[in-house]
There are 2 protein chains.
Amino acid sequence: MPASASPEIDRLIGLLAKLPGMGPRSARRAALALLKRREQLMQPLAEALSAAAEKVKPCSTCGALDTRDPCAICADPTRDRTLICVVEEVGALWAMERGGAYRGLYHVLGGLLSALDGMGPDQLRIGELTARARQGEAREAILALPATVDGQTTAHYLAERLAPSGVQVTSLARGVPVGGELDWLDDGTIAQALRARRPA
Amino acid sequence: MPASASPEIDRLIGLLAKLPGMGPRSARRAALALLKRREQLMQPLAEALSAAAEKVKPCSTCGALDTRDPCAICADPTRDRTLICVVEEVGALWAMERGGAYRGLYHVLGGLLSALDGMGPDQLRIGELTARARQGEAREAILALPATVDGQTTAHYLAERLAPSGVQVTSLARGVPVGGELDWLDDGTIAQALRARRPA
């Protein structure tokens, strides 16, 4: 059964329903809201999507998403280049940045080691990280990984891989709740965990 | 505090957060999901939004949203032109169509009479409805309005306005919804279902 009488609207609803947290019903509501506010919301959203899809790329150094390469963070001369904060995904990087407590660089792994999901070291940006640790100005790698089994497995693996480079490996302090994803944490908790980081 | 380091992504997140049911957090998750699936989701969604914003218009007869005018329903020769189902919004029309039980025409009011929200008869498509009732082939106007104070106020007003046209005015039956447990129904629904009881 189509959601509306028009194939153009049905196509829009079908695509909106694929967004995380959306279902067929909320997608219909979103489509109606968009059709009611064409100039203020629908057309600008179409343009923002198109612009981001075309221009936003992963930074070749750290893996952050930006229109520039190197990204704004890697290119920022006021950032502390002796610190590399290692995160699972770009969402975690954004969460760290919202906390506002960190002024170093980042490295986005693109996932976690996981036997269950078949994620091995070669599928993650781990070689790039060890290269940065060996060649750059980095003195400390702060592992900001989730306090889950996969997160901790990945942290142990990274600590071993980074050991030969002489870079100190630390991780975010307790304060990250067990099973908690960085992206869902409040900014204050992230800041506290950052300040209380300890050797891995 | 920006959500990301890139103004293009921040703009996208800001617009996504304006969709109903979305907040800043779910908008960030949606933006990340879109950036991960550019070809499959992000670019098609941009195009679908753009196409719908440009082409979809309210039908000048019934007020349904379609790329054609008259809309697919008004133009459908197999529809029963003696029936007009009056709904508050396009979302209600879509719900009726999904049900698949109705094969007549529609009339979208664009809202309900409401003293509180300052909605008077002139802000709704009521003149268009009485004109259709006078001039067309309509024999019955089925009021499919919500069972709220505003919905019932609007229904009474429409019944009065439509009386001179000679069109029969009916409304959807009130009663126990299919699959509804009596224990979870409000007292008003039970009382109405009881008053409208029929031979089993």
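Two residues are in contact here if their C-beta atoms, placed from the backbone, lie within 7 Å. With that cut-off, 50 residues of chain A are in contact with 50 residues of chain B.

Quick housekeeping, folks: this is a predicted model, where local features need pLDDT of at least 70, side-chain atom pairs count only at pLDDT 80 or more, and totals for chains, interfaces and linings use all residues. Residues are numbered from 1 along each chain as its sequence is written, and chains are lettered from A and ligands numbered from 1 in the order in which they are written.

Back to the side of chain A that touches chain B. Its largest share, 14 residues, comes from α3(A); helices are DSSP runs of H or I, at least four residues, numbered from the N terminus. By class, that side divides into 31 nonpolar, nine polar and 10 charged residues (Ala, Val, Leu, Ile, Met, Phe, Trp, Tyr, Cys and Pro count as nonpolar, Asp, Glu, Lys and Arg as charged, the others, Gly among them, as polar).

So what about α3(A) itself? Helix α3 of chain A covers residues 38–55. Its buried residues include A:L41, A:L45 and A:L49, buried meaning 20 or more other C-beta atoms within 10 Å of a residue's own C-beta. Among the elements covering them are α2 (24–36) of chain A and α3 (38–55) of chain B.

One last thing, the pair α5(A) and α8(A). Their axes, lines fitted to C-alpha atoms over the stretch in contact, come within 8 Å and cross at roughly 90 degrees. That makes α5(A) roughly perpendicular to α8(A), the label for 65 to 115 degrees.

Methods. Helices (H or I, at least four residues) and strands (E, at least two) are DSSP runs, numbered from the N terminus. The expected span of a helix is 1.5 Å times one less than its number of residues. A residue is buried if 20 or more other C-beta atoms lie within 10 Å of its own, exposed if 12 or fewer, and partly exposed in between; C-beta atoms are placed from the backbone. Axes are lines fitted to C-alpha atoms, for helices over the stretch in contact, and angles run from 0 to 180 degrees between N-to-C directions. Angles under 35 degrees count as roughly parallel, over 145 as roughly antiparallel, 65 to 115 as roughly perpendicular and the rest as oblique.
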